[in-house]
Amino acid sequence: MPTKSYEVDPGLDPEKAHIIHPSVTAENSNGTTVKLSTQTHEWVIDEPASKGGADTGPTPLESLLGSLAGCETVVLRLVANAINFKYSSLKAECQGTADLRGARGVRGVRPYFTGVKLVLTLATDEPEKRIELLKRNVELRCPVMNLFSSADVEMDVVWNIVPAS
């Protein structure tokens with residue numbers, strides 16, 4: 001299958017749409033605790049006690065950061081497998097910056113992140129050229145990263161490459 005604007009074959013026909021429909025159900029009966037579920041998983045989002053919550057789970061914004069870190073690591077594994085890229089470990093750390101005024105309804109202040117810093121520490125002995133191929137394809141393919149970028153969130157992605165152990 002020929003590749004076009006991407007450098008790693010996508011593994012499916014790039015000319016035909018392959019539509020998916022992920023879904024989540026959220027339930028909230030009182031307070032700030034929200035119970036979320038998919039067909040096979042359950043989790044909780046909440047606010048800390050300092051904001052009137054019960055602190056039974058991450059906040060919605062922490063959950064977004066977790067989605068970004070998780071998506072980047074999963075996509076990295078998929079791309080690494082596709083190009084036979086070897087690494088011994090990967091750690092993702094994510095921090096967002098948001099102005100609380102936006103979530104409180106102040107006009108002109110957006111209620112979501114203005115910036116996000118994502119630090120990926122990858123342990124590998126692969127050559128620089130292959131590392132660059134991996135980086136480009138991970139950032140191109142990560143749906144959550146692209147969602148943040150499309151929302152004009154300033155993304156600061158730092159790749160720390162360390163020797164494989």
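Strand β2 (residues 34-37) and strand β3 (residues 42-45) run antiparallel and are joined by four bridges. Strands here are DSSP runs of E with at least two residues, helices are runs of H or I with at least four, and both are numbered from the N terminus. Two strands pair if DSSP finds at least two bridges between them. A hairpin takes the chain from β2 to β3 through four residues. Looking at individual partners, Lys35 has Val44 of β3 as its bridge partner, and Ser37 stands opposite Glu42 in β3.

These two strands belong to an open sheet of three strands, ordered β1-β2-β3, with antiparallel pairing. β1 and β3 stand at the edges with a single partner strand each, so one side of each has no neighbour in the sheet. On average, neighbouring strands of this sheet are turned by 25° against each other, direction ignored. For this and the other angles, axes are lines fitted to C-alpha atoms (for helices, over the stretch in contact), and angles run from 0 to 180 degrees between N-to-C directions.

## What kind of model this is

This is a predicted model, in which local features need pLDDT of at least 70 and side-chain atom pairs count only at pLDDT 80 or more, while totals for chains, interfaces and linings use all residues. Residues are numbered from 1 along each chain as its sequence is written, and side-chain values use heavy atoms, with hydrogens and water left out.

## The chain as a whole

The protein chain has four helices and six strands. Reading from the N terminus, the elements go β-β-β-α-β-α-β-α-α-β. Along the principal axes, the C-alpha atoms fill a box of roughly 50 × 35 × 35 Å. Of contacts (heavy atoms within 4.5 Å) between residues at least 6 apart in sequence, 55% join residues at least 24 apart.

How much of the chain is buried? Buried residues account for 28% of the 165 residues, where buried means under 20% relative accessible area, exposed means over 50% and partly exposed is in between, with a 1.4 Å probe and protein chains only. The accessible surface comes to about 10,800 Å², and carbon and sulfur atoms hold 53% of that. Those areas come from the Shrake-Rupley method with a 1.4 Å probe, and for residues only the protein chains shown count as cover.

Pro10 is in the segment before β1 (25-27). With 29% relative accessibility, Pro10 counts as partly exposed. Pro10 and Lys51 are 41 residues apart along the chain, and their C-alpha atoms are separated by 44 Å.

Strand β5 (residues 115-123) runs parallel to β6, and nine bridges join the two. One partner pair is Val119 with Val158 in β6.

## How the helices pack

Two packed helices are described by the angle between their axes and the distance between the axes. For helix α1 (residues 60-83) and helix α4 (residues 143-150), the axes come within 7 Å and cross at roughly 130°. That makes α1 and α4 oblique to each other, given that angles under 35 degrees count as roughly parallel, over 145 as roughly antiparallel, 65 to 115 as roughly perpendicular and the rest as oblique. The α1 side of the contact consists of Leu64, Ser67, Leu68, Cys71, Glu72 and Val75, and the α4 side of Pro143, Val144, Met145 and Phe148. By class, this contact has eight nonpolar, one polar and one charged residues. The nonpolar class is Ala, Val, Leu, Ile, Met, Phe, Trp, Tyr, Cys and Pro, the charged class is Asp, Glu, Lys and Arg, and the others, Gly among them, are polar.

Are α3 and α4 roughly parallel or roughly perpendicular? They pack at an angle of about 70° with their axes 5 Å apart, and α3 and α4 are therefore roughly perpendicular to each other. Glu139, Leu140 and Arg141 of α3 meet Pro143, Met145 and Asn146 of α4 in this contact, which has three nonpolar, one polar and two charged residues.
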